Amino acid sequence: MNQNDSFFGRPPKDNFYYFKQFLAVALFVFLPLLKVQAQCKTLVWSDEFNGTTVDLTKWQSISGNGCPSLCGFGNAEAQRYDPNQATIVKEGTNSYLNIEAKYQPNGSFPDQPYASSKLTTEGKYSLKYGRVEARMKLSNGQGAWPAFWMLPVNGNWPYTGEIDIMEAKHRNPQSVDGTIHYDGNGYHFTGRSYSSPTDLSSDFHVYAVEWGPNFIKWYVDDVLFHTATPNTTVNGGWPFNDSQFYIILNLAVGSAGTPYTSVNGAGVAPIPGDFPAKLQVDYVRVYDGSYKYAVAGDAKVYQNETSKTYSINAIAGATYNWTVPSGATITAGQGTNAVTVNWGTTGGDVSVTATTSGCTANTYKLAVATEVAIPVEKIQEDFQTNRNVVYGNKTGVLTESVANPSATGINTSTLVGKYVRNSSELYDVFNIKNIVISNANDYVSGRKRISFDLYTSAPVGTKISMQLENSNVTTATNYPSGRHSGYKATTTVQNKWETIEFEFEKIIDPNTSALTINNVALLFESNSNSGATYYYDNLLTRATPEKPIVATDVLQNYDGINKIIKGTTTGTYTVVANPGSNSVNSSANVARYVRNVTEQYDVLFFNTQTSIEDAGLFKNQTNKIMIDVYTTAPVGTVVSVNFENSATSLPANYPTGRNSNYVAITTKQNQWETLTFYYNSSPDAGTSNLAINQMVLLFNSGSYTSDTYYIDNIRIGATKLPDTYTPGVVYEDYQNTHNITFRDAIGTYTANVANPSATGINTSSNVGRYVRKSTELYDNFSFNTTLTNIGDFKAGTKKFAMDVYTSAPVGSIISWQAESSASVPSNYPVGRHSIYQGVVKQTNTWHTVTFTYVSTPDASTADNEVNRFVFLYEPGTNSGNTYYFDNLRALNLVSTETPVGLPSPWVSTDLGAVTPAGEATHSSGTFTIKGSGTDIWDTSDQFQFVNQSITGDAEIIAKVNSLTNTNTYAKAGVMFRETLTPTSKHAMTDVTPAHGS
């Protein structure tokens, strides 16, 4: 081994014993000096294993097989743990921790015939952020499973996370895995493998992670092989900023039922003759350094928001230089570890370069996005005139209406609320009721938000969690039941007022309906014993104005339009005369449905044929199902719509085939109203958005009622017109263009076959043909690609497309996947960057199939790592159908513009009798208002304005871009009026043209 000149490098083995003794002494001699320059790499904890026995001041040894609470440690492991299997061994001048797994059957442990050892630092040492490394020689043996990993203090797996620094398996390992486990709307893991040119059980290597705020990096011998961030995990799951973690070393033995030690999906039993197996550890070290620093502050702000604080933990002796994006300004703090920023309309990186004498200068960045401000919906609590909430159970101490501790900055109120966290409660909780949450999915999507002003003694970076709950279900001990969704906010200042706004973090209990929320739970510094004090004020909800419906597609109106066909039903369905015409519905004919009192889940089916092309547009509320309803049922009755695939959705197999559920609540009885249905849940997320051919109506589902429901004008309301695309890059046309190359196939792929029907949209002489292998559920074939702009396809500014001719039935799904070299058949989802799906729309006819972005199975696969296209025809089936295809290509988005109109709740009003009348339009956030006449106050002239009603407190901000009429009497302005009458009080700011401008 070559000498490494670095102080922290590895000297030759012969000298290593003396080096470790020196390092142990140096740690205690120089540690006070090293800590002064915390940005430098500084050794803060280690075990060099130089003693004669395991140091029990640093480690605790685990005993047993995990029973009774977690027999086999949740993995059907074949070993039990015995402290005697961890020893310190000497090899010449070197010493090592030796963890030995041996075959030693014991009648007390019939399922664990192997004895091994597991050491942890739990209760002895833990850390949050740093470099954690160990120099190890791995084990060799079928079934052997060495691991170096970390778990959180007071953890609750998988919610609080797991960091696997190194895992390996079996004989002569030449690869190791680095993985994180977490909750991201359900259990998920994200990881990568490192491949070595040599047997890792033949020599020592250094395995490490560098862990900091919002990142973890994995290394083998200082070679980086994996990076994880919140942007690379499923649904952004990231509990790794929340807790201290402790270190674990163990040598497990996998059984035939252990998932990790399986090979190509098949369990592998250990071989007793391969044991004893040894995991040797030369040292474990923990370093502080630049890893633990990051820019703290809001990563999402409103356009033109002011007084936002960004900071970095103070670094002794450091100088700081901050930069912000164009349009933003630093108003205070330059040269210190915290700055105040006023934002413009565009986002970008907030960066700080910290320079410390004797250390490398480091630059830390936070990407910040700006968005249009969301209007205030209601002030729920301000401890003065708005006292709309009711306080429920709490484990800390709440005091209402106390004196403001610092009536400066953003909050100058006289009275505020005060909450002191209970330091004896790990999960201190503070419940607030009477905030009307009609649909929790509004908060999941970000259409609505909750915020409040906060002043606290807790440190910068403190996490505050919020849960939307059904208190009729939740108890102190039944987590996650009743907790629909979780949200988070992070403090950016200490002992200073700031506004925190909660952003969606995860779905906690998908079985809790979004319509049943009656409690908002706040958890300050969850999973800690903090006793910090929190002052709060101006608790409010914000709501994005609903986009107006700009186009309507009537599916069924019982007066001639029948795009959907009634299917089976458990109640009684007939077409009858309208029971009571009004302004909402004056149709002659409607449908009457009498619910079956004996059916708890009474259903009415419609075959939608091709009417629902993409359920994703309904989930994101671009499109909405709307139905006119007249019912004898009481106000508040829930009506549901399910989108399903009839081939897989059967009465007894819920939730299979149920792609998505939408709900509405009646507000009238025995009179017509229009119900608009909003996304509620995805019972079976595995059913493609493009595979919908059935719509199911459920009236008062879950009840035994016999009410009558009249329905009419079942329709799709669209908030934007369909996007249009132009031809883009062609990847393969089987004539002259070959920008992708065939890689492999499970079925039979043939290039350049004769076109089976050179008519219609495809008259090419040659095309591609693929015959699906019917024995493979996930049959696929792939091409190599040099695509560099896959991000455009995820964003929707481009789409994949191909011409298809097939005997497969209409509705058959085709997947186009972008993957990297890390993808192999047995390691899903690793390497699967993104999935796009299209659907067969015609049989034995050439037609174009376009592909819509569906999901990102592995967010840790970077855009620049994509190097192959993988195609799956009818995934999840045993089809043997033949597909001809041609002109694999990209399409370019032309426009997503919403048609001209006024966004709800704005309306246009025309006063005066002049012809032509004025008009008002809206586009890209700007109103264009046109009037007529010569004098806006004369009754023969015209006064045009846009307006909306407001109640309570409001901030009115308007910018008049131009006034093109140069008439002396022409005016523009912003007016606030009590009423719209000639005598109403008003305040108006006028804009008058000058010099013809």
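Start by selecting Cys40 and Cys359: a disulfide joins them, with 1.4 Å from S to S. (A disulfide here is a pair of cysteine sulfur atoms within 2.5 Å.) In general terms, a disulfide is a covalent bond between the sulfur atoms of two cysteines. This pair brings together distant parts of the chain, 319 residues apart: Cys40 is in the loop between helix H1 (16-34) and strand S1 (42-47), and Cys359 is in the loop between strand S23 (348-355) and strand S24 (362-371). Helices (H or I, at least four residues) and strands (E, at least two) are DSSP runs, numbered from the N terminus. Turn the view along the S-S bond and you have -85° about it, which makes the link of Cys40 and Cys359 left-handed.

Are Cys40 and Cys359 buried or exposed? Both are buried. For that word the cut-off is under 20% relative accessible area, with exposed over 50% and partly exposed in between (1.4 Å probe, protein chains only).

A word on what you're looking at: this is a predicted model, where local features need pLDDT of at least 70 and side-chain atom pairs count only at pLDDT 80 or more, while totals for chains, interfaces and linings use all residues. Residues are numbered from 1 along each chain as its sequence is written, and side-chain values use heavy atoms, with hydrogens and water left out.

**Next stop: the other cysteine pair**

Now select Cys67 and Cys71, which form a disulfide with their sulfur atoms 1.9 Å apart. The link of Cys67 and Cys71 is right-handed, with 135° about the S-S bond. Cys67 has 39% relative accessibility, so Cys67 counts as partly exposed. Cys71 is partly exposed too, with a relative accessible area of 43%.

How many disulfides does a search of the whole structure find? It finds two. Count the bonded cysteines along the chain and the pattern is 1-4, 2-3.

**Zoom out for a moment**

Show the whole chain as a cartoon and you'll be looking at four helices and 65 strands. Of its 997 residues, 48% count as buried. (Accessible areas come from the Shrake-Rupley method with a 1.4 Å probe; for residues, only the protein chains shown count as cover.) Among contacts with a separation of 6 or more, 71% are between residues 24 or more positions apart. Contact means heavy atoms within 4.5 Å.

**Two sheets to colour in**

Strands of a sheet pair through backbone hydrogen bonds, either parallel or antiparallel. Two strands pair here if DSSP finds at least two bridges between them.

Colour S18, S24, S23 and S20, in that order: they make an open sheet of four strands with mixed pairing. Strand S18 (300-302) and strand S20 (319-323) stand at the edges with a single partner strand each, so one side of each has no neighbour in the sheet. Neighbouring strands of this sheet are turned by 25° against each other on average, direction ignored. (Axes are lines fitted to C-alpha atoms, for helices over the stretch in contact, and angles run from 0 to 180 degrees between N-to-C directions.) Look between S23 and S24 and you'll find antiparallel pairing over seven bridges. Pick Val350, and its bridge partner in S24 is Leu366.

Now for S19, S22 and S21, an open sheet of three strands in that order with antiparallel pairing. Here strand S19 (308-311) and strand S21 (329-332) are at the edges, each with a single partner strand, so one side of each is left without a neighbour in the sheet. In this sheet, neighbouring strands are turned by 45° against each other on average, direction ignored. S21 and strand S22 (residues 338-342) pair in the antiparallel sense over three bridges. Select Ala332, and in S22 its bridge partner is Thr340.

**Last stop: aromatic rings**

The structure holds 67 aromatic pairs. (Rings of Phe, Tyr and Trp, with its six-membered ring, pair if their centres lie within 6.5 Å; planes under 30 degrees apart count as stacked, over 60 as edge-to-face and the rest as tilted.) Select Tyr310 and Trp343: their ring centres are 6.2 Å apart and their planes at 75°, so the pair is edge-to-face. Tyr310 is in strand S19 and Trp343 in the loop between S22 and S23, 33 residues apart. Tyr310 counts as buried at 0% relative accessibility, and Trp343 counts as buried at 3%.

Finish on Phe699 and Tyr709, whose ring centres are 4.4 Å apart with planes at 25°, so this pair is stacked.
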